Each structure stands twice: as structure tokens, then as C-alpha cells.
Amino acid sequence: MLLRHTPKEIKERSALAINPAKTCQPIGAMYAALGIHGCLPHSHGSQGCCAYHRSALTRHYKEPVSAATSSFTEGASVFGGGANLVSAIENIFTVYEPDVIAVHTTCLSETIGDDLPQMTDKAKKSGKVPEGKHVIYANTPSYVGSHVTGFSNMVKGMAKGFAVNTGKKNGRVNIIPGWVEPSDMEEVRRMATLMGLDIILFPDTSGVLNGALTGEYKMFPDGGTPVADLVASGDAIGTLALGEWCSADAARWLDTQCKVPCTVLDMPFGLKATDRFIDTLRKVAGVSVPDTIAFERGQLVDLISDMHQYFHGKKVALVGDSDQVIALTEFLASIDMKPVHIVTGTPGNKFEKRIGEITAEAGYKANVKAGGDMFLLHQWIKNEPVDLIIGNTYCKYIARDEDIPFLRFGFPILDRVGHQYFPIVGYKGGLHMLTKILDLILTRTDRDETEEKFELVY
Amino acid sequence: MPSSAKKLVNWTPTDIKADMLAKYPPKVARKRASQILVNEALGNETPEISANVRTIPGIITMRGCTYAGCKGVILGPTRDIVNITHGPIGCGFYSWLTRRNQTDASAEGAENFMPYCFSTDMQDQDIIFGGEKKLQAAIQEAYDLFHPKAIAIFATCPVGLIGDDIHAVARKMKAKFGDCNVFAFSCEGYKGVSQSAGHHIANNKIFSEVVGENDAEKPGEFKINLLGEYNIGGDGFEIDRILKKCGITNISTFSGNSTYDQFASAHKADLSAVMCHRSINYVADMLETKFGIPWIKVNFIGAKSTAKSLRKIAEYFGDPGLTARVEEVIAEEMPAVEAVIDDVLPRTKGKTAMLFVGGSRAHHYQDLFAEMGMKTLAAGYEFAHRDDYEGRQVIPGLKVDADSRNIEEIEVKADEQRYAPRKTSEEMAKLEAAGLKFKEYDGLIPDMDHQTLVIDDLNQYEAEKLVEIIKPDVFCAGIKEKFSIQKLGIPMKQLHSYDSGGPYAGFQGAVNFYHEIDRLVNSKVWSYMKAPWQENPELSATYVWE
């Protein structure tokens, strides 16, 4: 057994986190910043943070992840990291020539109270920021929130750093996709394009973290949200923020500061959430929905109806990030699967409340925990076994020990590919997700069924 | 003309160095110039390189931090210690199972905490009011849940800044439990200039808190410690297989596939064999000073190096039976190795490699490439010190700078009861006269060809330059470097984690490595990068039958 020390009996823990279902804020800020075209993320702290975040993102995407660090020494930790940041900014613009440096803090620089606005201002005043180049920033202390809130803070940093309200609306709609895969961001844009819309999508990691092998290395790939779009977001006619945890802060900032009205939606996973997304987008943009989208929707309904008997009543243990887990719980419940154990590592009582509402509507009560960990999830599974585990790669240890089919979902996925290429948002994404779930469930049936009951046709 | 378009024949190493420095601001260029060396080593003259110096802010380094070196590298591979990271969640999360240290916990009742991540997950109120209470509660919860024989505490950056006394908490809990050793490491990420400081902090603490705790005699003959072997991809398993076959007893590996008891019993060995000089040479020194165990440098990377290292160990013990057995094992193992070399050599001979990894591997792996007829054009370490480049003779002259001053040094004296020289001074003198060298390591530079490049703390910009200008057939570094190199169409082999391969140590490991490098440098995939219409964009075409 890999997790041989995990007991079935659950004891309350107040201090020790075991097998966390979250990581820290700065990596979220780094991921978000990679979704700006020509941007180099910068970690203001000791160099280990940057090395860890780059490694984790690289293992997840199998792509280069460039980011710089202030490389704090003990001296900088005592006297402040201002000099390190200013020289980092000078070196970065000289050597790597990005258009934007997106600085985020760490627990180290936050604990000593480094003042980012004052430091970046000093860099600008002393001529370290070339004409036409930008430095934006976000505060992301690791001891608050999780990687998800770090992402949210950097997305808000983009709005704060760039958005301008000229007083003249540009007719475009902002969509903040939240922490999803490059493939999902691409799919959001595809759906909007089908509706005839030229949206402002930020951040946008498609084309950055799912790149091509051509023999040429571009430190700043062609993808990513252009700075001009970020500036124009202040003149948009509305913002759709997908995910309360990931995207709402930036949208609300644009609402209050730039008078861009915002709507906060769930991530568009599955039928109902995608319906709400398309319907809201239609109304905000004032366009009609083309038949192609209605047809894609119909295909998803068709698959649900065709294979409903295999989904119905299947118990699921689900762990991941708040916005993703809420949307997926609703999707699974809508096809009569039963997510019975649900954990997110990110704190926030609203999560438990939302999940409670979804499962109550489906007619059952689930074990649910915000700020929980995978040790607890495993213990719940030992007490009430499930048919499927859905979560990041670390779940494979539980899946193997308990011999349960396992669907990789969320962050990080360190041992498979596909997430960067094939979306799970929208109707197409729903088809993709259900195909994978079905494959796991039926492969298990094929493995376990007796010879006399072995089926050719499902 | 862009630099990449020039042909290699036009570039001297001095040109390449100048090109790498050209774009830097003057201060950066000066500093990097002292860390980039065109190898002029001749005879006994080894040129000086600047190493173990600060990373430059903003320059994209390959290095990690002190916490990573301490918790990730040194203590990570020990399966029966509960390792609790005291800090916000990230550090514990990132060092959770990511280093591919394998461990054999198949014995009945064996403990294995390596698949677990333990953290105090500090929140803002812990930063404001102090985290000691939470740490104490976390240790208690770990003890109640698992009853381990040892619990280790690792400090992350904010812990040092807010002044949590982790050592006091550890002492208190150790006294409270009575049957569980609790010890703490002040390995905050901002200390030192690289992972190396973390190795030092880890090793010192293990030496002072654990080594010598178990005085029970260990069974077996020809007892050694294997120091600086981390069992990445199963290297340690292969080395243990060979040692066992020779009749040599490895009682303690620091720290691959290791257990608490191995550390506690290390003083019962009669020889320390050092693999990774950088991470652990000082432990070998301390074992000698305190317990009288001599040490030699070994290298099990490369079939010939493995044979040489086995012979060195046999020479030390001076037992005719052991010497004969070692020769038998080498004779038994080598034919399989040679058969694979014969197979791959026509495809690998004359190809070129670059190695930028670790504090020893960039040196050790050159032996494997040499066995395949491949030449190393450039190499360097991420976190090494000058002695790893130039040899141990420079150690007395190394200055302690501001960044190393606060890394704890421990004073070790001969143990009053247990110090016992394993050989008399006459025996040692005789062995030395016969050519066996103790406490000796000549470093990387003397082993590299004239006019090759030796580069300390290589960064992303310089790596890209090197690859564009020299176009090696394979580039070796870590995960962060892997895909930017491969985008340039050059295969990249991870030599920290071996991608998902290994073992590469010992005889079977050498065979694995030859196959892997053959696969990489002769892969068809590098020929697929251009579409037919990109290679031949003209529109008119003729049919083949015309």
C-alpha cells in the first residue's frame, strides 16, 4: 500500500495538514501572468519559490515556463528587497526584453512588508522601465487563500494595471475565464466567435502553454492577451467573470472603477452552466445564438440520454479548486451521478453552502469540506467507497490503494497529457468530459464482469 | 546576421563567452565573466572559477533554495521519518514526491511516509501572532496518528523572520514523547545562495541528532557507508545489488532508500564512500574525525567508473577474497555492458553533449558519455563550490562570505568512547603509497578537454545561446530547462530526475543510459519540425508519373 498509514477512523485535526488539496498564491499569479502576451512573471522573494512554481507548471504543461525572481539573500530579508527588485527590473528589460513584467509577492516579501507600488515607482522614476514597457503587480502572500486566490489577485492586477475608461464604450465584452486550461480558454473564445463577438479574454494562456515544436524557441510566444486588449477592457460593455474565486474580484473592480457592468457566473462545465454562460453572453452582447451552438448543445443532450444508464447513481469522490468543483458537481448531479465526497483546499464557507444547495436539489447530502485535504478525502472513501475518483495527479495514490477508477482533473496533472489540448468547458468540453468518464466506468465493468455476463455492446 | 546562423567552425570558446556576455548590463557581465571559464587546464594548473556566489536578481537561474536542498534533497528520501514543513502550504506541496527518490518499503510492517505531505499550513494569524503553538499541535497530531520513530521539522522563509523557535518546540516534544526523536532544521529559503546551504544544514543536524544513536553491531563483512547517493530512479538499488554481489555490506546510504536506523548506525561502518562530493563531503570528514572512519571518493556513474570504484573499496579492505570476488563480479557484468556499447557506438560516436546539473553529476555523467564515444563540450554546476570545480586543495583558501556566515557549522571532536581508527597510520601510509587516495577529489575542470567551456550557475539566456551557437546533440539539465531547449530542436535529458528513466548507476544503469541516449540523439522526431509546404513552398508541382 502506498498510503499505508491512513486510518479509516477520522480524528479532527486542527494544526496538521496532510496531503494538501491546494498550494500557495504565487503560482496562481505566475500562471495568470503567462496569459498576457509578452509578459515575464516575476517572483519577489527567495529564488526557491520561483524554481518550485516553474517546475510545477512545466510538469503540468510540458512547455517552457519562463519567470524571474528577486533572489533574496539573508541580507535582503533583513533590510528589504527594494534594491533586488529594482536591479531585477533593469536586468529583465535589458536581457529578456518583455513588454510587461508582472510582479507578485511571496510569504517572504510580505512578512517583511515590502511595498511593491513604492518599489516599482522607484524603478520607473530611475529610468529602469523603458518607454512603452510596463510593470504590474499583485500581492500574493502564501499564508492567505490558495493558488486560486493568487490567480485572482493577478487577474485583478491586470485590470488595475492596464484598464482605462475613456468614457467611450468600445462595444466589446470582457470574459475572464478563470483558472482553466489553455484549451478551455481557446474554447471560450471559439464559442464567442461563433456568436460573432470579438471578446476581450484575459488571461489567455492558449498558444503559450500548449505550443508547437518548430525548431524555434520564442521566450514570448504568439499567444496571450495583448496589452491593448487589457487597456480596452475598461471601455467594454460588460464583463462575464467565470468563477467566484478566480475571476470575480477583477470583474467587480472593472465594474466600480471603469463602470463596466459585471456578471459572475459558474465555470461553464456541463449543460446547465454552459446554458447560463451562452444565455448571459447573448444578452450582454445583444446578439442571437447561432444554430451551430444550439446543435453542439443538442449533441451533449444526446450523449447524456444515450448513456444515462451508465452514469446513473455512480458515486464520485471529487477534489479540486472551488470554482471548478462547484461547476463539476452541478454537471455530475445533472446526469444523476452522485458526488458524495467533495473537498477543496481553498478556504471559504460559500463553497460548502453552494455544494450543499446543489446536492440538496439532487436529493442527497454529501460530505463536503472547504479548506480540507486529501487525507480526509481518502478517509471518507474508506468509510464510504465510490465508483470514481476525480482530482489531480496526487489522487492516483488513493486510486491505486483502493482500486478505484480515477479521472485526472484540475491542477496539477503531472503524469498525463491532453488537458492542454482538449477543453472541458462548453458543450464540446462536456462531450469530452463525459466520454472520459464513460470510458473509465465501462473499462472497469469490462475488467470485473464475469465471462458469462461480458458484454460486446454498451 | 543573427548569431545562430553562423557556423560553429567560426566560433572559438572565447567568442562564445563574449557573445553570451554582450547583452548584459555591465555589472552583470562582470560577475558572469568570472563564472564562465574557457578551460585552460594544463598539467597541475587548474584555472580559478567563481562559484557559490549570489544569484543575480532578474536573471533566470536554474537554482532552488535552502529549504529545497534540506527537505527536498537530503531528508526527502528517508521513508520512516515524518517530515513536517512549518510554513505556508506551498513549500511542502512542491517538495511532495517530485524528486523520484525510490524506496523499498516492502518489508512486513515497514513504515513509509514518503507518499505523504505534512505541513502546518500557516495562515496570516500564525504569521502575526507566531506559529509555535500550531507547530506544537501539529507535531502532537502527527505523533498521535502515526507513532513514528522520528519527526523532523523544516523552517520556511517566514518562520525565521517571525522568530519561531522551532528547536525549542522540537526539544520539548521529544522530551514529552520519550519514544520519538524530534529535531528541527533552520533551512529558511533565503539562507545561503543555493540548495547547497540546505544540504549543509540537513547533514549537520542529522550528524548531531541521529548519527551514533544505535550502537548495536551490524551483521556482514566489509562495512561501508555510501554517502551522497539519493536513489533517483533506483540508482541506489543497482549500486546495492552490485555491492551485495561483491560481498560488501552497505550499512547506511545518505540518503537514498534510507531509514532512520541507517543514519543512527553509520558510525559502525569501516569506510565511507562518497558519491556526490558537493552535498556531503563534510559528513565524511566528520565521520572520520569523530569515529575514525576514513573516506574515499567513488563514482558509480559509468561502467568503467563503477569497476574502478569497486576496486578502490577492495583495495582499502585488502582482503584477497574480496579482491577476487570484485574481479569476478566485474568480469561477469562487463560483457553485457560491452555488447550494448558495441551496438550503440556506431550511432553515438562523435556526438556531443552539454551538462549543467547538480554539484557532481555534471562531472560524473561525462564518464558515461565518454563510454559512448561522445564528447562533452560544456559543463557546469548549479550549486557547487570552487572545490567541486578545481579540487579539494582550494578548500583552505575559500573565504566565508556574508551569505555563508550564518549557515551553522558544527564543531566535531573525536568521540571519547567510540573513536577507533579503522587502519593504523602505517596501514594508511602503505595504502596511499600504493596509490589509494583518501579525502581526495580533483574536481571537474581537470577532467574536461582543453578549450571546453565550464560555466557556473548557467541561466536560461546563456543556455539558449550555447545551444544556438554550438548545437550539441544532447543537452542535460533539469525540468525547468527541458522544454525551452527542446523547442530549439535539441533533445534534452533531465539529469536531476532522469525524466521517468533510470537507474543509470552501476553496470545495468550504464546499459539503460546508453539505450536512452541512443534513443534521444537518433530520434526521428527532430526531423518532423517543418511541414512539406514549409520546406518547399513553391506552388507548381509535377506528378510523379509525368
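**Figure 1. Strand E1 of chain A pairs with strand E3 (residues 118-119) of chain B.** The two strands run in the antiparallel sense and are joined over two bridges; strands are DSSP runs of type E with at least two residues, and helices are runs of type H or I with at least four, both numbered from the N terminus. Two strands are said to pair if DSSP finds at least two bridges between them. A:Ala17 has B:Ser119 of E3(B) as its bridge partner. This is a predicted model, in which local features need pLDDT of at least 70 and side-chain atom pairs count only at pLDDT 80 or more, whereas totals for chains, interfaces and linings use all residues. Residues are numbered from 1 along each chain as its sequence is written, and chains are lettered from A and ligands numbered from 1 in the order in which they are written.

**Figure 2. Chain A and chain B meet in a contact of 59 residues from chain A and 66 residues from chain B.** Two residues are in contact if their C-beta atoms, placed from the backbone, lie within 7 Å. On the side of chain A that touches chain B, the elements giving two or more residues are strand E1 (17-18) and helices H2 (47-61), H3 (74-79), H4 (82-95) and H5 (107-111) of chain A. The residues of this side comprise 26 nonpolar, 23 polar and 10 charged. Here Ala, Val, Leu, Ile, Met, Phe, Trp, Tyr, Cys and Pro count as nonpolar, Asp, Glu, Lys and Arg as charged, and the others, Gly among them, as polar.

**Figure 3. Helix H6 (residues 132-146) of chain B has buried residues along one face.** A residue is buried if 20 or more other C-beta atoms, placed from the backbone, lie within 10 Å of its own. In H6(B), the buried residues include B:Leu135, B:Ile139 and B:Phe146. Seen down the helix axis, the buried residues of H6(B) fall within an arc of 165 degrees, so they line one face; the arc is that of the directions from the axis to the C-beta atoms. They pack against several elements of chain B, among them strand E4 (150-155) and helix H8 (166-177). B:His147, which follows H6(B), has a positive phi, near 45 degrees.

**Figure 4. Six strands of chain B form an open sheet with mixed pairing.** Their order is E1-E12-E11-E10-E13-E14. Strands E1 (36-38) and E14 (492-494) of chain B are the edge strands, each pairing on one side only. Strand E13 (residues 474-477) of chain B runs parallel to E14(B), and three bridges join them. B:Ala477 stands opposite B:Gln494 in E14(B).

How values were computed
Buried ≥ 20, exposed ≤ 12 C-beta atoms within 10 Å, placed from the backbone.
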